[in-house]
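Have a look at the model first, and then read on.

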Amino acid sequence: MKAVLVINDQDNVAVALRDLEKGERISGKEKEIELLEPVKKGHKIALENIPQGENILKYGFPIGHATREIAVGEWVHTHNTKTNLNSIQEYQYQQRLTENPFQNKNLTFKGYKRKNGEVGIRNELWIVPTVGCVNGIADLMIQRFKEEVGDVSPFENILVLKHNYGCSQLGDDHEQTRTILANAVKHPNAGGILVLGLGCENNDIYEFKASLGEYDANRVKFLLSQEVSDEVEAGVQCLKEIFAAAKQDKREDVPLSELKIGLKCGGSDGFSGITANPLLGRLSDFLVAQGGTTVLTEVPEMFGAETILMERAENEDVFKKIVSLINDFKQYFIDHQQPIYENPSPGNKEGGISTLEDKSLGCTQKAGTSTIVDVLKYGERLKKNGLNLLSSPGNDLVASSVLAAAGCQMVLFTTGRGTPFGTFVPTVKVSTNTQLYENKKHWIDYNAGTLLEEVSPDIVLDDFIQYVIKVASGELVNNEKNNFREIAIFKTGVTL
């Protein structure tokens with residue numbers, strides 16, 4: 001393995017591919033450099049003298065500026081680097097589109113065709129509480145149902161989408177809770193849904209039902225606990241009715257164009273923008289070429305790289321939506337009197353990321369090079385095939401949950417630090433480095449660290465495509481095996 005990587009010819013820093021010692025000599029940009037201090041893997045090394053105030057270049061773009069003079073061979077990180085970002089900006093529409101490098105290969109996966117024409121990659125039975133008060137009741141219903149039915153196939157899993165909301169909420173918080181839960185009810189990975197209420201919550205079950213629009217009454221049932229004498233017995237009866245309606249469900253060949261995939265990263269490191277995120281970007285371009293759909297979110301982790309996305313807007317209307325996406329989220333920080341650029345996290349910094357630009361330029365690589373066809377507000381469902389942007393904070397649970405609520409059948413989640421969690425759809429963990437993959441095989445599903453080991457990017461991509469198709473066709477990922485399922489809803493206001 002090489003000692004360092006220079007990502008772009010314009011860069012004045014290199015990335016250490018392994019832990020390096022003081023005095024080691026490395027090669028970068030056709031010259032040999034002696035390290036002035038130890039540098040951990042994933043961290044940056046100055047390839048030339050960088051005067052105070054000069055930009056530090058990585059990925060071919062500024063990731064901040066030097067707060068003091070940085071000597072060639074010196075470690076470049078938070079102690080001598082500061083972001084260039086500040087407040088809300090104005091942007092000009094300057095479209096720069098590139099041709100998709102992939103062709104349609106007419107590939108398929110084994111999915112479940114739903115009555116409304118949507119396709120699921122799982123066939124699960126979900127209980128969706130309208131309020132957190134009934135989470136425990138739902139657990140009892142599932143326990144009793146399994147005892148009485150035994151073999152629950154063709155359902156592949158039964159779970160409760162537990163959350164703490166649905167009552168004592170006002171305004172946007174109340175609407176967002178209702179919207180996310182309604183989207184979950186309509187998700188194609190669920191072959192059946194029991195909507196379970198208490199009876200006195202402000203997320204009124206009758207209003208909730210009306211908000212759903214059309215739904216399959218054989219597959220979606222409703223129960224208010226306070227309106228029956230034995231809520232567990234009544235709930236089990238509803239589950240049995242749904243179970244009877246799903247008896248003939250089976251997987252069948254579906255074109256890859258029906259696949260909708262969320263793109264997410266968390267616990268990033270200095271390799272995220274070199275291995276795992278670019279791999280997701282190429283997968284995104286490939287899927288878009290098949291007529292499929294990918295979704296990029298984590299708006300604060302677009303700050304500093306947003307103009308790259310704006311240049312890829314399909315038209316000026318989409319460009320204006322991206323501008324609103326960025327500036328509205330900056331205003332959210334301002335309204336709460338918080339710094340816009342309070343990022344990266346401690347774990348990100350430990351992994352080698354110094355500024356928000358550093359993180360964003362790596363994060364947005366998950367979107368590949370495709371044209372952006374639409375921008376969704378928080379809670380909106382997908383309307384257009386192709387690459388979409390979606391409003392959400394960077395928080396792992398909130399962002400993954402809203403990707404699923406938008407209609408994504410799975411989330412691809414890159415990480416350089418490791419995380420066990422999953423949302424209510426398969427959450428595929430892709431490691432940025434082999435060490436993490438080897439250490440946490442019960443968390444990590446796919447290793448992109450082989451890209452640091454001189455394995456051909458095309459070989460890795462082909463293997464990853466086949467793996468994603470296997471997951472879409474029913475192969476379980478670690479969050480499913482471990483039964484780590486979470487739903488988190490964005491909360492912005494007052495709790496009564």
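This is a predicted model: local features need pLDDT of at least 70, side-chain atom pairs count only at pLDDT 80 or more; totals for chains, interfaces and linings use all residues.

Residues are numbered from 1 along each chain as its sequence is written, and side-chain values use heavy atoms, with hydrogens and water left out.

**Aromatic pairs**

- The structure holds 16 aromatic pairs (rings of Phe, Tyr and Trp, the last by its six-membered ring, with centres within 6.5 Å; planes under 30 degrees apart count as stacked, over 60 as edge-to-face and the rest as tilted).
- Phe 155 and Phe 243 make a tilted pair, because their ring centres are 6.3 Å apart and their planes stand at 35°.
- Phe 155 sits in the loop between helix H1 (135-149) and strand E13 (157-160), and Phe 243 in helix H4 (residues 231-245), so this pair ties together parts that are 88 residues apart in sequence (helices, H or I with at least four residues, and strands, E with at least two, are DSSP runs numbered from the N terminus).
- Phe 155 is buried at 4% relative accessibility, and Phe 243 is buried at 8% (buried means under 20% relative accessible area, exposed over 50% and partly exposed in between, with a 1.4 Å probe and protein chains only).
- Phe 329 and Phe 490 are stacked, since their planes are at 5° and their centres 6.3 Å apart.
- Phe 329 belongs to helix H7 (residues 316-335) and Phe 490 to the segment after helix H13 (478-481), so the pair ties together parts 161 residues apart in sequence.
- Phe 329 is buried at 5%, and Phe 490 is buried at 14%.
- One aromatic cluster is formed by Phe 303, Phe 329, Tyr 332, Phe 333, Tyr 378 and Phe 490.

**Charges over rings**

- Lys 330 lies over the face of Phe 303, 5.4 Å from the ring centre (the cut-offs are NZ of Lys or CZ of Arg within 6 Å of the ring centre and within 35 degrees of the ring normal).
- Lys 440 lies over the face of Trp 443, at 4.1 Å from the ring centre.

**An open sheet**

- Three strands, in the order E6-E7-E9, form an open sheet with antiparallel pairing (strands pair if DSSP finds at least two bridges between them).
- Strand E6 (55-58) and strand E9 (81-82) are the edge strands, each pairing on one side only.
- Strand E7 (residues 61-66) and E9 pair over two bridges, and Ala 66 has Thr 81 in E9 as its bridge partner.
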